Amino acid sequence: MTGTADTTSRSLLRFATAGSVDDGKSTLVGRLLYDTKSVLADQIEAVERASVDKGMSTPDLSLLVDGLRAEREQGITIDVAYRYFGTPTREFVLADTPGHVQYTRNTVTGASTAELAVLLVDARNGVVSQTRRHAAVLSLLRVPRLVLAINKIDLIEYDQAKIADIEREFTELTRSLGFTDDAVQVIPVSALVGDNVAFRSGNTSWYTGPTLLEHLESVPVDGPDADAPFRMPVQYVIRPRNGAESRSADASLGDLHDYRGYAGQVASGTVRPGDEVVVLPEGHRTTVSEVRTADGPLAAAGAGLSVTVLLADDIDAPRGALLAAASDVPEVTSEIDATLCWLAEKPLLPGARLLLKHGTRTTQVIVGTLGSRLDTERVSYAAAPEKLEINDIGRVSLRVADPLPVDSYARVRTTGGFLLIDPPTGNTLAAGLVGDPLAAVPAAG
Amino acid sequence: MTTVEETPVTAAVTTPALDALDALESEAIHVFREVAGEFDRPVILFSGGKDSTLLVHLAIKAFAPATVPFGLLHVDTGHNYPEVIEFRDRIAAQYGLRLEVARVEDYLADGRLVERADGTRNPLQTQPLLDAIAEHRFDAVFGGGRRDEERARAKERIMSLRDAFGRWDPRKQRPELWNLYNGRHAAGEHVRVFPISNWTELDVWRYIRREGIELPSIYYAHEREVFQRDGMWLAEGPWGGARDGEQLERRSIRYRTVGDGSCTGAVESTATTLDEVIAEVTASRLTERGATRADDRLSEAAMEDRKKEGYF
């Protein structure tokens, strides 16, 4: 990074890693941090010290990321960790997710906010069942873009034919999961040696594609929500109690006596003054009179921006309401068909009474029948289970106490997603996806 | 920059991606509003340091033009720089925010806590903090912690449940999915909230420059009497000073973090403006904690261990 680069505007890419244990994920992440000079001298020293303590002769880059006591003791990653690095053009937030089967729930967690996922395979083993499982989860969560990093190519003597075989098998897999070819990039790398991570390798002269870092820097960051209809859950109603309360020097604000702003983060689409919107679930129709932030009024606000929306009519839109484009309104329903990623030790049984958090609304829910369960190993739907256990992905029908405005997850990631919560403990039990985002996947024989 | 060439109009019309600082700001504002909507008694931990000053700034933007619906809490070790305490009180007054102060010195005075042999008071903050949370029945406590600070913090959720003893259990964290935060807690438990989890030290400085946020003067280069210990420049104060063999010298220094004076070191610097500070942070080969926080060097897992006890 140079002193001049930081004055220009840079974009932010949120991405996740996934891969089996021992595919070298932590080493790859350590390599990315190291080669982008995001690791500072004291962190390197700490790693060198710890590596010597473990009797190693070279610094173990994976120690840069495995931070908890239990992780260092067992040499594994037990929880999602977030890492940060940057280049002159882009900043990166990396959700580094563990590869152990029992922590698949963390892949779901990392994937829920990712615009891209880097899936690792060991070049010696190629596509294995864990690769299929992770690719299925990434497809289910609608991560827009995938990278397959074929790691440890130094251990197969940079064998071009073998790498081409892995690429072919992986592309077949991602096509069957509904990824288009331009959403998938395959990159042969060696995290240990540094081949094609930040620097082009002299060992793969036949490879003409980008390095991993070049790809991360240049891939478009607009998710599938970019051209989706406008949605914004109302988080909070801003009502200054009197005009004198405002310390904003903002001249565009008139008399605050009647100010009533609906605060929220645009979930999808774009909102502009003059747009017709519907306030759900009640269905009142009105017009947006102003879109603003603390810095003043805006001509338009797109997905991801936290704004305050003012409406032309004095209607009730409390926390929990959803503002939606009047031209494209989500379904308001109390019967929801959904796909669940079950994240908790406690299994899900039909008839369970739980809480459901959707947008800014939390309501009661009764679980109906369980439908088919995803066999993540073979990536096909299997017969309905009696219960859903930790790391299971299954279809389910839900009845909610208050009708909710929902989109299918495949269409709008934010308003199609929800949490299931355990009332007595408050624990998050499941990631819920409205509809069947893996509709393309066939049922098992 | 070279001149931008005319690009052909493509069919797909997409919203331009948010600038990195706008995206981080929006995420933090979203978190503030979620807490305002779901909790009864939130409070912002405010020390007058750059991260907590950033929190106050973001909170003001989240609720503008109304005032921030939370107060401030400072756990004062009694080892703070006067410039920082003056700044703390002035900012609270300027924005009309109620400020509670929990004083470690009150605990030392009546014997509930005892001064440590090494003189540092950072670990002594935990009890006054937890007592203040219990006394005021705070159910959400905002902190300026960032995941880039330390490896254990890299694992911390944006909303992190603490039990009745204030403890953090890294193995029992709730998964955080999309931007849906689950803040449910039982009576007596509370949630620590970290709206700037995803910011780096450079993001903080760039944002401070962009927004013109005022900071205590100790963040900028000034001359001060300091002595060197374990490679850090420490100042003399009520917490003690140079020991045998340690030489007091007048140096041009600045602070990268604000903490207990006994264990927070300064770095040599001539950076008196935001641009100079940013250039210096960009070029630095040391993390802010590695450079200036003695308490994080105590053991491999010092931060993790303290967090399990209820520290931030």
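1. This is a predicted model.

2. Chain B has an open sheet of six strands with mixed pairing, ordered β3-β2-β1-β4-β6-β5. The edge positions are taken by β3 (99-103) and β5 (159-162) of chain B; each has a single partner strand, so one side of each lacks a neighbour in the sheet. On average, and ignoring direction, neighbouring strands of the sheet are turned by 30° against each other.

3. Strand β2 (residues 71-76) of chain B runs parallel to β3(B), and five bridges join the two. Asp76(B) has Arg103(B) in β3(B) as its bridge partner.

4. Two helices of chain B deserve mention here. Helix α1 (residues 20-38) of chain B packs on the sheet and touches β1 (42-45), β4 (140-142), β5 and β6 (190-193) of chain B. The direction of α1 of chain B makes about 155° with that of β4(B). Helix α5 (residues 126-135) of chain B also packs on the sheet, with β1, β2, β3, β4 and β6 of chain B touched, and its direction makes about 120° with that of β6(B).

5. Chain A contains seven helices and 23 strands. Of its 445 residues, 60% are buried. Among contacts in chain A with a separation of 6 or more, 72% are between residues 24 or more positions apart.

6. The accessible surface of chain A is about 17200 Å², and carbon and sulfur atoms contribute 48% of this.

Terms used: Residues are numbered from 1 along each chain as its sequence is written. Chains are lettered from A and ligands numbered from 1 in the order in which they are written. This is a predicted model: local features need pLDDT of at least 70, side-chain atom pairs count only at pLDDT 80 or more; totals for chains, interfaces and linings use all residues. Side-chain values use heavy atoms; hydrogens and water are left out. Two strands pair if DSSP finds at least two bridges between them. Helices (H or I, at least four residues) and strands (E, at least two) are DSSP runs, numbered from the N terminus. Axes are lines fitted to C-alpha atoms, for helices over the stretch in contact, and angles run from 0 to 180 degrees between N-to-C directions. Contact means heavy atoms within 4.5 Å. Buried means under 20% relative accessible area, exposed over 50%, partly exposed in between (1.4 Å probe, protein chains only). Accessible areas come from the Shrake-Rupley method with a 1.4 Å probe; for residues, only the protein chains shown count as cover.
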